[in-house]
Amino acid sequence: MSKRFSERILNFLRQPEYVPVRAARLAKDMGIAEAEYGDFHDAVDALRRVGRVVLGTGNAVMLPHPPNQIVGTFRGNPRGFGFVVPDSATTHGDLYIGKGDTLDAVTGDRVLCQVISRGRREGKEAFGGRILKVIERGDSKFVGQLRNESGLWFVQPDGNTLHFPIFVGDIGAKGAREGDQVVVEIVRYPGEGRQAKGVIVERLGGRGQPGVDLNSIIRQYNLPESFPDEVLADARAVAKEFDPDREVSEREDISDRLTITIDPDDAKDFDDAITLERLDGSAGSARRGAHADPSRHGAAHARRAADSSSRKQRAAGEGAVWELGVHIADVSHFVREGRPMDDEARERGTSVYFPGHVIPMLPEVLSNGICSLQEAESRLCKSAFIRYDPYGRVLSARFANTVIKSDKRLTYRQASGILDGHTSGIPKPIVEMVLEMDRLAKAIQKRRIDDGMIVLDLPAVDLILDDDGRVIDAQPEDKSFSHTIIEMFMVEANEAVARLMDRLGVPCIRRIHPDPDEDSLEAMARFMRAAGFPVPKKITPRDLQALLEPLKGRPEGYAVNLAVLRSMQLAEYSPKKIGHFALASRHYTHFTSPIRRYADLMVHRLLQGYFDGPFGGRNKAGLEDVPDEDELIEMGRRLSYVSRRAESAEQELRTVKVLQLLTEHVGDEFEGVVTGVTNFGLFVQHPKYLIDGLLRIEDLGDDWWEPDVKAGRVVGERTRQTFTMGTMLRVQIVEVDVSARQMNLALVQGGQPVRRRGGPMGEPYGRRRERAEGGRGHGGKKGHRKGPPPRPGGKGGRHKGKRGRR
């Protein structure tokens with residue numbers, strides 16, 4: 001039966017306008033009847049087995065040979081080559097573009113690229129490309145330092161996007177002076193035999209002046225700043241109309257339950273609160289008064305969700321020991337679709353957390369006001385009530401619109417103190433509740449690790465700034481279990497909502513984290529074996545856990561954790577039902593931070609549709625206004641982009657601030673760990689500030705050095721001396737270039753630095769992509785980024801005083 005579909009499928013895939021999609025979408029596009037889906041999928045599978053079709057990125061169905069031309073985004077390298085990331089799924093993935101084949105493309109440009117076969121490597125056909133045309137410029141404005149050499153004025157762009165100077169004419173128009181940070185707009189891109197030309201459109205100030213580094217990054221990443229007047233007016237009007245007493249009759253009133261928030265010392269926007277009740281009569285039951293009767297709070301909430309695999313458990317919570325309440329500020333009640341606030345929030349997509357500065361997604365009258373779950377204030381929430389057995393397994397879950405009132409605002413320090421027995425001045429019910437939260441969180445964590453959750457052990461630091469925003473010190477990130485408690489609870493709530501949407505058949509924005517691809521796993525395994533760690537041929541999450549666990553706290557553990565991190569794919573927003581690899585979750589979304597993430601706000605609106613009912617199910621009731629899969633795919637791309645843009649901007653400003661400090665420490669020595677191996681040198685990390693510097697191959701000493709990038713090591717041919725990822729080296733800071741985001745190092749041997757003089761600055765060290773989380777946390781908390789991507793077990797922790805992303 002399936003054979004009758006084969007030619008239809010192949011003819012459809014041969015159409016020039018075909019864009020690779022997964023089999024289910026392909027069937028829909030081809031008009032295959034639902035009753036014939038089985039035969040259709042058999043036909044696709046048969047064609048795949050004989051090699052007539054292949055599955056590309058995201059299991060998209062396509063012909064086995066790549067097209068002759070593709071469209072994608074160019075990413076340049078300072079050494080002249082680059083890569084094109086295709087817009088659509090392809091069998092070859094990113095294309096290498098050699099030096100001389102890049103045309104005049106610069107990083108961020110959309111280009112038309114010709115695909116070229118480059119023979120076979122390691123048993124696989126390799127492809128490269130040649131850029132034929134720049135379709136659309138990624139940006140024409142750049143930030144850099146104004147310089148003068150031999151009477152010629154030019155702007156040297158900051159960072160790693162542009163690798164050429166932009167010559168300018170009338171510098172006096174904006175009052176710019178040599179050494180100033182400026183914004184320049186390119187009017188002529190460089191080409192064969194011609195330099196880039198531009199005009200200065202804004203003077204930001206002298207480099208090193210307070211605030212100039214922040215404004216430079218904001219302009220460089222084209223980030224939003226102040227809110228338009230109509231958005232502020234909308235926010236003020238909503239805040240003025242807010243009356244929590246008016247909402248009680250339409251919501252489940254749980255303001256009698258003992259409720260707490262746990263946040264950093266300097267937090268202002270409290271978007272999540274916790275209740276916890278023991279259901280077996282044991283000590284630690286966290287209640288102030290009688291149980292709220294949900295039946296008296298409106299018809300919409302008499303139909304709260306039950307998300308359970310068992311009807312009996314769903315009805316009675318059989319065997320339940322705890323009921324966890326995760327209460328999230330009901331931003332969707334205030335930010336309505338089609339209003340100015342929603343339009344602006346959709347465009348921003350996320351808040352951006354810099355050291356000492358925040359660019360919020362929503363005006364502060366909401367984020368720090370009526371949507372912030374402040375102590376002793378009645379606040380509107382969307383709540384998840386999840387029941388657990390003694391082993392931290394979910395028995396049931398329900399959801400409701402609620403009114404809460406926080407009894408106590410705790411900091412992480414205070415919560416950690418309670419766990420350590422320091423309870424002076426803390427009311428006994430609060431102490432008992434925190435201890436009970438600790439017990440439940442440990443049970444949940446154990447269950448998730450048993451399921452395959454990956455917990456990486458990577459260092460992180462908080463930067464200490466002075467009043468002018470300059471780095472004066474750094475301290476290790478607080479890794480106490482109080483952070484993990486909230487992280488676990490947020491992950492559980494996100495997962496519970498995702499399960500509900502899946503059960504209802506409602507398309508929604510998910511936070512997906514695909515399994516590592518085979519090439520990445522093989523590269524990691526090659527490194528592990530070279531380092532002497534036994535790795536099975538087929539690596540599972542349990543294998544990774546077994547590898548990581550005994551290395552905690554050991555020097556070589558850093559390299560292994562980093563290798564595992566690099567093997568992982570990026571997390572992203574998408575409606576695809578892929579799950580979250582690092583969290584060992586089949587269904588996952590972002591629900592817990594609608595103040596700072598638009599994806600969460602979208603999910604809140606779906607939950608409201610469920611409360612209003614009927615919603616989803618076989619008849620797809622109530623889904624008329626719900627975005628379809630195509631819209632969600634496009635929205636997911638946009639949200640993934642703004643999330644990564646925020647990540648990159650935050651990390652680059654941290655880098656700039658640390659490098660500014662280290663310009664005053666040229667000549668200092670430190671013991672650092674090798675974090676990367678390239679064919680031109682080793683990257684060594686500063687132990688205090690967690691910033692990488694380059695130790696070039698020629699500065700390793702008198703030998704012929706052979707780098708093995710795949711195995712993560714460099715070996716001296718004569719001495720057989722070996723440097724690997726994880727090796728501890730004593731190095732000296734010899735050069736710092738803030739504009740290029742570079743720090744060069746020299747190896748210290750016998751108390752003296754070993755270095756060939758007169759060489760240029762090395763390649764700029766790259767910012768690592770966030771993989772284990774992919775973006776901003778499990779749905780945990782937010783803050784200022786600390787070093788490498790956050791641990792899957794942290795509170796998403798990427799930010800000082802704030803909460804991270806997973």
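**Close-up views of a predicted model**

**View 1. Strand E8 and strand E9 (residues 152–157) run antiparallel and are joined by six bridges.** Strands are DSSP runs of type E with at least two residues, helices are runs of type H or I with at least four, and both are numbered from the N terminus; two strands count as paired if DSSP finds at least two bridges between them. The model is predicted, so local features are described only at pLDDT of at least 70 and side-chain atom pairs count only at pLDDT 80 or more, whereas totals for chains, interfaces and linings use all residues. Residues are numbered from 1 along each chain as its sequence is written, and side-chain values use heavy atoms, with hydrogens and water left out. Within this pair, Gln145 stands opposite Gln156 in E9. The hairpin of E8 and E9 has two residues between its strands, and Ser150 there takes a positive phi near 55°. E9 is also joined to E10, through two bridges and in the antiparallel sense, with Phe154 standing opposite Phe167 in E10.

**View 2. Five strands form a closed barrel in the order E8-E9-E10-E12-E11, with mixed pairing.** From one strand to the next, the twist averages 50° (axes are lines fitted to C-alpha atoms, for helices over the stretch in contact, and angles run from 0 to 180 degrees between N-to-C directions). The pairing of strand E10 (residues 166–168) with strand E12 (residues 196–206) is parallel and spans three bridges, and Ile166 has Ala196 in E12 as its bridge partner. Helix H4 (residues 212–220) packs on the sheet, where it touches strand E8 (141–149), strand E11 (180–188) and E12, and its direction makes about 145° with that of E12; contact here means heavy atoms within 4.5 Å.

**View 3. In the largest nonpolar core, which has 68 residues, the members that touch the most others are Phe354, Met528, Leu682, Tyr689 and Leu729.** The greatest contribution to this core comes from helix H17 (residues 629–662), with eight residues. Such a core is a set of buried Ala, Val, Leu, Ile, Met, Phe, Trp, Tyr and Cys residues joined through side-chain atoms within 4.5 Å, where buried means under 20% relative accessible area, exposed means over 50%, and partly exposed lies in between, with a 1.4 Å probe and protein chains only. Beyond its neighbours within four places in sequence, Met528 is in contact with Phe533, Val535, Leu547, Val560, Ala563 and Val564. Another core, of 54 residues, lies apart from this one and includes Leu258, Val431, Phe489 and Leu500. In soluble globular proteins, nonpolar side chains tend to be buried together.

**View 4. Leu548 lies in helix H14 (residues 541–548).** This residue is buried, with a relative accessible area of 6%. When neighbours within four places in sequence are left aside, Leu548 is in contact with Ile454, Val455, Leu456, Val560, Asn561 and Val564. Leu548 and Tyr558 are ten residues apart in sequence, and their C-alpha atoms are 9.6 Å apart in space.

**View 5. Helix H8 (residues 340–348) crosses H17 at roughly 70°, with the axes coming within 9 Å.** The two helices are therefore roughly perpendicular to each other (angles under 35 degrees count as roughly parallel, over 145 as roughly antiparallel, 65 to 115 as roughly perpendicular, and the rest as oblique). Arg346, Glu347 and Arg348 in H8 meet Met635, Arg638, Val642 and Arg645 in H17. By class, the residues of this contact are two nonpolar, no polar and five charged, where Ala, Val, Leu, Ile, Met, Phe, Trp, Tyr, Cys and Pro count as nonpolar, Asp, Glu, Lys and Arg as charged, and the others, Gly among them, as polar.

**View 6. Helix H10 (residues 412–419) packs against helix H12 (residues 481–504) at an angle of about 105°, with their axes 8 Å apart.** H10 and H12 are therefore roughly perpendicular to each other. H10 contributes Tyr412, Ala415, Ser416 and Leu419 to the contact, while H12 contributes Ser482, His483, Ile485 and Ile486. This contact has five nonpolar, three polar and no charged residues.

**View 7. Strand E26 (residues 669–678) is largely enclosed by the rest of the structure, because eight of its ten residues are buried.** E26 pairs with strand E32 (residues 728–737) in the antiparallel sense over five bridges, and Val673 has Met728 in E32 as its bridge partner. E26 also pairs with strand E27 (residues 681–685), again antiparallel and over five bridges, and there Val673 stands opposite Gln685. E26 and E27 form a hairpin in which two residues lie between the strands.
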